[in-house]
Each structure stands twice: as structure tokens, then as C-alpha cells.
Amino acid sequence: MQTRKKYICLTFLASWLLLFFFGGDQLRRFAFFSGRKAEARRNWPHWTDRSLLKSFADPEELQSDGDPSLPSPRERRAARLSVYKNSGCRMETCFDFSRCEKNGFKVFTYSRERDQPLSESYSKILASIERSRYYTPNPAEACLFILSIDTLDRDHLSGQYVRNVDEKIRGFPLWNGGRNHLIFNLYSGTWPNYTEDLGFDIGQAILAKASFYTENFRPGFDISIPLFSKDHPQRGGERGWLYQDSIPPKKKYLLVFKGKRYLTGIGSGTRNALHHIHNGKDIVSLTTCKHGKDWEKHKDTRCDKDNVDYEKFDYQELLHNSTFCIVPRGRRLGSFRFLEALQAACIPVLLSDGWELPFAEAIDWSKAAVVGNERLLLQIPSVVRCIHPERVLAFQQQTQFLWDAYFSSVDKIVHTTLEGSAPATLQTPHLPTHPDGSARPNAPGHAGPPPLQILVLWSCEKPPPPSGKWPQTTVPLTIIQGRGKLSDRFFPYVAIQTDAVLSLDEHTSLSTSEVDFAFVVWRSFPERIVGFPTRSHFWDPEQRRWGYTSKWTNEISIVLTAAAFYHRYYHSLFTEFLPAGLRELADGLAACEDILMNVLVAAVTKLPPIKVTQRKQHKETVSQQVGCKGGDAGTPPVGERSPSPLRSPPAKVKGTAATAGSRRFSQQQDCLNQLADWFGYMPLVSSQLRLDPVLFKDQVSVLRKKYPRLEKP
């Protein structure tokens, strides 16, 4: 027993001696055997098998968290404070509402100095403001001020960088520390960190900025705008690529990206990882490092292969044939491909952490885009595969609405920005006001006969006849004194209490059956103009301009408001949405107010008007206003009566009448082309539809027909 214990002790002692002799140096590395106290800074562990591990990175490199090119939180905070010294600004604290009380929301742009350079983009922005309904040339009437100094590009290395902005704006007598000013910016900061430094103190000004960081965005005060190129159209813009009945059940590609890959610096991390999701089948992710002057200095082992693969695919083809488009951050948070994806109905998959999306306070981007996380890139393919086809279609439709309503032109971007910067009490709805791209006024909800009223718009110089000379009727009759302008007929008069407006000229003659049927049709389509006399437009390739015709054709695009139903909502849009210049145009040209109302409704709804059955063919007449010369005013028609155009006296000879008709036709064509130029495109939509009542012109008994008086005897 004693011998056994002796052998056990000797064996144990020998084991400790061997362990100490061969591995003592490694054992002394453990903190358990070390008498040193823990240091204040936490060190990475020193592994005992370090010599057996392959060295991928020096532990000293791992002490820094993240990309060394990225600014640290302290650096970002310092840059933020240098720009946003008034970071607590809100409309209640940094905006003078008293300037808006007298004249409403009016915008003034500073006069430009001759030697002051302006970029093409900033020139477009100023032009959009000056042709908007908010513009005033009088600074005393202004509620908001826009600098004439180009502040779009604040990259010190850019050729369009304007120096000494601080000194210049302090010399403006209206600056007032930036209060009630709006500053536009597309590019901020410079290499390598691209912070949000603008190079001058914005004071208490509102900032409309692209690539806005959420942490720097002041809610309810600043405006996040999209990054757009200098080639972005001033007005109108191209329509989206998604058309009715042209949606393939399944596109060729599920997810695509084609763009630059940054080898170093901010933004390189996300784009360098995009090749991991490329499978060459339904997911195509192509990058090239062949850009910039010194790209070959930093090229890695993937560059050559990436550059070859990059040239195999056409970018426009990928946009057309993909369901989802990856929109990663660039050097800054925003990129041009965001708007490109929206137009192409390619659902944006955003990989730009911390980006305050454009107009996010007014737009619900969860219905039009997939917001991803840069660190979870590998999960993106699985996420988009799980989206149901019905939701995919809804996403695509929403991208088209947003593109057309807010982003297709500089005008739309600027006007939306102005409306977002207006005080809440002065804001007017942006068009379109509904997410399906139409105004969609509600039809009357009652099932019984609607309330009726007759409004006569009296625009003669002579006073209207006394009440005793007007026909006796059980329907309330109201006389409204006009101002002699053609656009008066579309003013939102308080006296108009019904949703449906039946607009009639003094020369129009309709039967009750015609009015009843037209009203039934309008109740099914309350967002459209429903009426009787129609016109159409066409493109004249020889004249290189739009043509206007009253000839009978298979297609119609205009319903004259000489006899038409429409929603009273359009009276408000006509007066409040359209700039004064367009209403003045309508007042100066023959029948231009009819064309302008049709263009307005088509621009809002993207739908054509509807023609209904008419017993007698409407003929345009060139005459004076009824009752302006004679003593008897005649019988006012049912509905809202509009003033006749102030035109030349009735023709006494045939040649004079032909000349007057030709002049009127020429003015209508001029009106149509000027409106198309203002909108930047032709909003009118053609249609071959005409609605007739059931059994209309069928060989059946007249007693069985609901509207028997529509047929000619």
C-alpha cells in the first residue's frame, strides 16, 4: 500500500515537471498565473495556440471598430454641430409666421448678379420657383426667401463650389440669420469622409437636402429631396415604364444591380460585398472598379474579372426586365439610381443605413420600396423571394404614382419642396392627392334625388334683370356677379353646395332625359368630366405641334364644359393649384378655359373624359353674351351658367364669319400648345368610349326604354 502511494506521487510529480519544462512559457501567458492587474483598456486575448493559427489580421488592427475610412461618432457630431448650430429649430421657433399673414404663402428669389455662376440644376430650380403659383417679385409680400447663390454642390474639390458664401449672405438685408429662408443642397462634404459640412452657417434657414442623415434631419422643418442629375427634365418628364396590360407575369430577373465599386473609402464596404449574392441566373449583381483616375493603384484580384462581366449586360435592359433593383449608398447616402428604379417600376431595395428618404414625412415608402440593412445584405435574396406577387404588383403601381406625382421633373420636386416648407396653416394639397394617381372625388352617397340649385354667372356690364323677369322655378335660383373673365366660371363659389356641377352655356339645349342619363353616368365616374360636345387633339408631324379639331373622329380627348358634368372639387384645383399665368392665358384666348379644365382633370386622373348620348349636335357659335345688348335676358338653363366669351360682334357677311371662326380655331390651337409646353408633356388622354343607355336605338317598343326622348323622331 505504501509502495503504491509512493509510485502515484512520483508519477504526479514527474508529470508536473514535464508540463512545466515544455509548456511553462505558454502557461505564464494566462492571466490566472499572472500577477499583473487588469489594464484599464480591454485587450484582445492572447491565444496559447497562436503559432498554429493562420494570421488573417493583426490584433492591433482589430482594436478599431468598423471601416477606418468612416468618421467616428465624435467626428460626425463635430461636423453636425458645425452645420446645424440651430439643431433645435422647428417651425414654431425659427420661422416668422407674421410674414405670411397678409399675402399667404409667397416665395421670393433674390436677384442674380451678372458675374455669379449658376449650375444648370440650380437654374432649373430657380426657374421652377419663378413659374410656380407661389412666386412673387415683391420681397415685401414674401413669406419665404430663396438665395440666388448656388448652394447645390458644397464639395470643396468641385468646380461648381462657390466660395465665401458666409460673407455674401451676411450682406443680404433680408437674411435675418436665415429665418424664413430655404436653402437647396445636393452634394455636401468632400473626400474622404463626405460629411454634411456645407462650408457656411445656414443659421435658422430650412434645408432642402439630398442624402440627408436621419440623425441630422429636423422633423417638420427640413425637407429631404432626391438626388437628381443636371439632365433631369425641367417640366413634365418621361412617364413611368409600367403601362396598363403590359405587366409580364414573371420578369426575367428577380434582383439586379449594375454600378461602380469603390475600392477604398466611405461607401466601399456595401458595394464590395454585392458580388456575394450574384448567381448569374435570376440575380445579377455587377460592379466595376474601372472609374476614377487612379483606380489601377487600388485594384484588387477581382477587378479584372468584374470589369469583363460588367460589359456583358446593358443597364437599361436590366431595369426593364427586373422586378427588384438594388439601390446601395454611394459616397453619400443617395444615388441617381433611386429615381431610375422608380421610373422603371423596378422596386427599389435600399441599402443605405441612416438615410432620411425623400419627402418621407409625406410618402409612406413601405408601400413602394424594400428598406434593407447594409449589414444583412446576404438576406436580401430570401426577403424579396418571399414577397407575394399581388404585393409586388402593388409596389410597382405605387412606384409609378410616386414617380409621376413627385419626381419626374424638377418642377414637381421643387413644388413639392415648397409645399412641404409652407406653414401647416397655409399648405395646399399637392396633385395628385390620392395614392392611385387620381383625385377620386367621391360620388354622392344618397340614393334619392340629389339637391338642386341654379347658379347664373352674370358677366355682362349691365346689371342682371330683376327677379320678376326670371322664370319661376321650384329650384333655388342664385345670381352671381362675375368679373368679365372666362375663368370666372371655374371659381369655387361658396354658393355651390352640390358635388355635381352641370356647366351650361347660354346656347346649349338639352332634354331632361339627356341630363338625367348624363348624371347617372357621372355618379359612376365622379372623377371624370362627363358631357356632350367633344373635341380631340392630335400631333401634326408637319407643323411639329399639337393640333385641335372639332371634326367627328373615332377618338375624343376633350369634353366642352358648355354642357358637361364634373365634380366641384375641380373648381378649387383650377383656382388654387394652377398659377395665375395659366388662368390669364385662358382669359385671353377663345375657348381656352375649356381646354385648360380638361388638361387639368387629365393631369390629375390620367383618364380621358366620357362622352354620352346627345340628341342634337352641339355647334360652337361666335356671338356676344346673351342679354348684354337686349332687354330680355332669356331663359337661364338649369345648372351653373357660364359667361360667353367676349368676342367680336356677329358677322354680317359670310367671309367675316369664316375669318372669325378661323381666328378662334387658331387661338384654340395656340392655347393647347402653350398648355403642353407649360406642363412639359401632353396630359390629355384619348378615348373611343361613348356611353349610351340600355336599349338605345334597339328595335323594341319605346315604352320599354328608360330614356325614350334621346332618340330622334
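Predicted model: local features only at pLDDT ≥ 70, side-chain atom pairs only at ≥ 80, totals over all residues.

Guide: Residues are numbered from 1 along each chain as its sequence is written, and side-chain values use heavy atoms, with hydrogens and water left out.

Visitor: How many helices and strands does the protein have?

Guide: Helices (H or I, at least four residues) and strands (E, at least two) are DSSP runs, numbered from the N terminus. Here there are 18 helices and 23 strands.

Visitor: What percentage of the residues is buried?

Guide: Buried means under 20% relative accessible area, exposed over 50%, and partly exposed in between (1.4 Å probe, protein chains only). Of the 713 residues, 48% are buried.

Visitor: Which residues have the most contacts inside the largest nonpolar core?

Guide: In soluble globular proteins, nonpolar side chains tend to be buried together. A nonpolar core is a set of buried Ala, Val, Leu, Ile, Met, Phe, Trp, Tyr and Cys residues joined through side-chain atoms within 4.5 Å. The largest one has 83 residues, and Ile125, Leu144, Ile146, Phe184, Trp365, Phe407 and Leu418 have the most contacts inside it. Helix H12 (residues 389-407) gives the most to this core, with 6 residues. Domain 1 (73-224) and domain 2 (253-408) each supply at least three residues to this core; the domain bounds come from an automatic or database domain assignment. A second, separate core has 43 residues, including Leu573 and Phe577.

Visitor: At what angle do H15 and H17 pack?

Guide: Axes are lines fitted to C-alpha atoms, for helices over the stretch in contact, and angles run from 0 to 180 degrees between N-to-C directions. Helix H15 (residues 569-577) and helix H17 (residues 592-605) pack at about 100°, with axes 11 Å apart. H15 is therefore roughly perpendicular to H17, a term for angles of 65 to 115 degrees. In this contact (heavy atoms within 4.5 Å), H15 contributes Tyr570, Leu573, Phe574 and Phe577, and the residues of H17 include Leu596 and Met597.

Visitor: How do the axes of H12 and H13 cross?

Guide: The axes of H12 and helix H13 (residues 410-421) come within 7 Å and cross at roughly 80°, which means that H12 is roughly perpendicular to H13. Asp404, Ala405, Tyr406 and Phe407 in H12 meet Lys412, Ile413 and Thr416 in H13.

Notes:
Parallel < 35°, antiparallel > 145°, perpendicular 65-115°, else oblique.
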